[in-house]
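Dear colleague,

I am passing on the structure we spoke about, together with some notes on what turned up in it. Please keep it open while you read.

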Amino acid sequence: RRHLPLQTWPESINQVNKTALLTWMKETGIDLVQINGQRRYGGPPPGWVGDAPPTGSEVFIGKLPQDVYEDTLIPLFQSVGKLYEFRLMMTFSGLNRGFAYAKYGSRHSAKVAVSALNNFEVRKGCSILVCKSTEKCELSMDGLAASLSRKHLEVLLQEAAEGILSVTLYPSPFQKRAQLAVLKYSSHRAAAMAKKSLMEGNKRISEEDLRVEWLKPDLKQKLRCSEEKPSVTWLTRGKCPGSPKEVHAPLSPVLGKALELLDALCRRRRLGTPLFFTKCVQVNRNGWLRFWCQVVIPGHPVPLSGFTWVRQDMAGASGHDKAKDMLAMQVLSVLGES
């Protein structure tokens, strides 16, 4: 942790913008702290009263000119709502890395920021991207002893850091006679603190070095595929093959129109055209098809993916189209539109 001194920036980097930032810091009394490649304001800011904002209060800011700094960005993002924290990703040269994160005091303020500032020109010809941030709350921990039980691990994790919500154990895909745990936390901050604590070593959990990382999407998919029981997360009605019970829930009015609604939403928010990928990974003799689906939205920070079961009808939409529609319905929910 270090405060921002003038000498940390090479003299060749844009002197005018550098001087403007330092003058602004002096005039406003705002303190910027640089930690591990990011410069941070707040978290909490001076005078903050109450708890940290809930999940969903953060926005991702992309397509930034690399010589635009907090003296321009913080006032801009404060103009639409009360900021709790602002993080600008930095290079060693003193330029920004082209993206930042702004966390607001509420989800509503974050939505207002997306609506008001997406495609805003911070400089002539330079429009920025502003969208909902996908806050990571899950870790993977590999190298656990095969004899370690989930209940015992939960107790040890609760002692190591706060905020643990769930623990799922799998046979390690990378090590023989070892387990991998997926840990879900209450917030990104709780997960980050736990990650730091676990990476520093916890001999009560394991005498061996553990590999603790943010849960990667491809690993998450691999672990889901390894599960014996099919996922029923997206099943809205009917009997899922392999599932012991039937799920009775009214069909969503969005289902069947989700692709059109998602396309319209992406046009409205200028996120680009959604690109879908589907693959049938399992066929059930009763006519059920299991699909892996992924959608890539150019203006969204990460692809969204998952598994779903659909029923293959003799007429009408294909299984691929139905799977896309199911995924589109989930994406609308993630983007706050259903």
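Two strands are taken to pair if DSSP finds at least two bridges between them, and strands (E, at least two residues) and helices (H or I, at least four) are DSSP runs numbered from the N terminus. Please note that this is a predicted model, in which local features need pLDDT of at least 70 and side-chain atom pairs count only at pLDDT 80 or more, while totals for chains, interfaces and linings use all residues. Residues are numbered from 1 along each chain as its sequence is written, and side-chain values use heavy atoms, with hydrogens and water left out.

An open sheet is formed by 4 strands in the order S11-S12-S10-S13, with antiparallel pairing. Strand S11 (164-171) and strand S13 (211-214) each have a single partner strand and stand at the edges, so one side of each is left without a neighbour in the sheet. Within this sheet, strand S10 (residues 138-145) and strand S12 (residues 178-185) are joined in the antiparallel sense over 7 bridges, and methionine 141 has alanine 181 in S12 as its bridge partner.

Alanine 192 lies in helix H5 (residues 188-199). Its relative accessible area is 28%, which means that alanine 192 is partly exposed (buried is under 20%, exposed over 50%, partly exposed in between, with a 1.4 Å probe and protein chains only). Although alanine 192 and leucine 139 are 53 residues apart along the chain, their C-alpha atoms are separated by 8.9 Å.

Best regards
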